[in-house]
Amino acid sequence: LHQAAHAPAASSSAGVATSTRDTKEQVEGSERGPKRRKVSRAVIPCAGFGTRLFPASAAVQPKGLVPLLDPLDGRAKPLLVLLLEECLVHAKLEEVVLVLSPGREDLAVRQLLSPPSPELLQKLSPTQAKYAASVQQWAPRVRIVHQTERRGFGHAVYMALRTMPKHDPFVLLLGDVFLLSNSCARRSSESSSAVRVALSAFENAGATHSLLALTAVPKREIAKYGCARVDADELLQLRQHQNEEQEEQEGMVFRVREVVEKPGDAETVERLRVGRAVRNGDCDMLAILGPYVLNGRFGEILAEQVRMDKVDGGGEIQLTPCLERLLSEEPVFGTVMAGVEPLDTGVPLEYARTMKRLLEEFEKNHGTL
């Protein structure tokens, strides 16, 4: 089973594998009772029309190919490359599974991760050529899975899980959000990448139950995100035991009590506020922006949602109902991503603000251009 899940049906010159298996769902029917298992893979769903970025999205597909300024080295990189480097270089995971639509999206990503043509290579500067060679060091650890029907975020995750060992936990990243550390240089360190921080918290929680990495955001912005409710008193007690020199909320692991997708009404928003338990200016809501570290039981629940065709009002399979079901059955933990700023790339004005913010971060570390 483990070897079959890794057997690619096709591969490119860059070593990017495609899984087109149509066998019985592997995520169903695992034994009950969590066991400690190593996290070695990440899933990044990238398929989607990107309608909020139209007409630019008609030319840039998948939407994860939108260019960003890397505040570490000043290169223009697609968001997808930044996410892949986060997983494979900084967090040192063994594999990333990308979920793409077949055809145009697949071809674009394969071209991105393939070696430059001889003609292009001659035009690149020595530093650019060196970077292109570094991409080939991790590109073979990227595997592509096709989502032939765009049936929502949850369905995209399911398409990846059905090609993976059914019991293994995995990291899940949102394909249109870049998580920027307030101290940009930290991302060059394995121990301080956003994914590595989430994995450390998962280990601290016992490495058996799912964990959500949470980002403190202002109340005025929470309607854009999924949100978690936690026990504020528990957070305060954990903070009292922190070393005074330790970064605010860093490493704290606590129980998640409720998840709500894009809360809008005032009563729900007030219930979800954590108040003084998180000291970060006016940021007193905990958004679920990832990374997620999800266990095998989550995969079982998601497979059941797909099999029973439990869709939302738009006819899509979503993740939040699966998390709600998981919370009703077993503990789900959370950790606050201290010093992490979520940067959205999926809306025109937010994308512009993201580029401005990345330039500010680059200039802070390297000086004004």
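## Pocket, cavities and buried elements

The largest pocket holds about 1200 Å³ of space, in a model that is predicted. Its lining draws two or more residues from each of helix H7 (153–161), strand S11 (226–230), strand S12 (254–261), strand S13 (283–294) and helix H12 (320–329).

**Largest pocket**

- The lining of the largest pocket is made up of 41 residues, and those that lie nearest the centre of the pocket are Arg52, Lys63, Phe153, Asp176 and Lys262.
- By residue class, the lining of the largest pocket comprises 19 nonpolar, 11 polar and 11 charged residues.

**Second largest cavity**

- The second largest cavity has a volume of about 100 Å³, and of the 13 residues that line this cavity, Leu83, Glu86, Leu173, Val177 and Leu179 lie nearest its centre.
- At least two lining residues of the second largest cavity come from each of H3, S9, H8 and S13, and the lining as a whole divides into 10 nonpolar, 1 polar and 2 charged residues.

**Helix H8**

- In helix H8 (residues 194–204), the buried residues are Ala194, Val195, Ala198, Leu199, Ala201 and Phe202.
- Viewed down the axis of H8, these buried residues fall within an arc of 160 degrees, and therefore they line one face of the helix.
- Such a pattern can be read against the geometry of an α-helix, which has 3.6 residues a turn, so that residues three or four places apart point the same way.
- The cover over the buried residues of H8 includes helix H3 (79–90), strand S8 (170–172), strand S9 (177–181), strand S10 (211–218), S13 and strand S14 (333–336).
- After H8 comes glycine 206, which has a positive phi, near 110 degrees.

**Strand S6**

- Strand S6 (residues 95–100) is mostly covered, with 6 of its 6 residues buried.
- Glu95, Val97 and Val99 point one way from S6, while Val96, Leu98 and Leu100 point the other way, and all of them are buried.
- In a regular strand, side chains alternate between the two faces of the sheet.
- Strand S3 (residues 41–45) runs parallel to S6 and is joined to S6 by 5 bridges; within this pairing, arginine 41 has glutamate 95 of S6 as its bridge partner.
- S6 is also joined by 5 bridges to strand S7 (residues 142–146), again in a parallel arrangement, and here valine 96 stands opposite valine 142 in S7.

Notes: Residues are numbered from 1 along each chain as its sequence is written. This is a predicted model: local features need pLDDT of at least 70, side-chain atom pairs count only at pLDDT 80 or more; totals for chains, interfaces and linings use all residues. Side-chain values use heavy atoms; hydrogens and water are left out. Buried means under 20% relative accessible area, exposed over 50%, partly exposed in between (1.4 Å probe, protein chains only). Helices (H or I, at least four residues) and strands (E, at least two) are DSSP runs, numbered from the N terminus. Two strands pair if DSSP finds at least two bridges between them. On a 1 Å grid over the protein atoms alone, a cavity is a set of points where a 1.4 Å probe fits but cannot get out, and a pocket is an open set with protein on both sides within 12 Å along at least five of seven lines; lining residues have an atom within 4 Å of a point. Grid points are joined across faces, edges and corners, and a volume is the space filled by probe spheres set on the points. Ala, Val, Leu, Ile, Met, Phe, Trp, Tyr, Cys and Pro count as nonpolar, Asp, Glu, Lys and Arg as charged, and the others, Gly among them, as polar. The arc is that of the directions from the helix axis to the C-beta atoms. Contact means heavy atoms within 4.5 Å.
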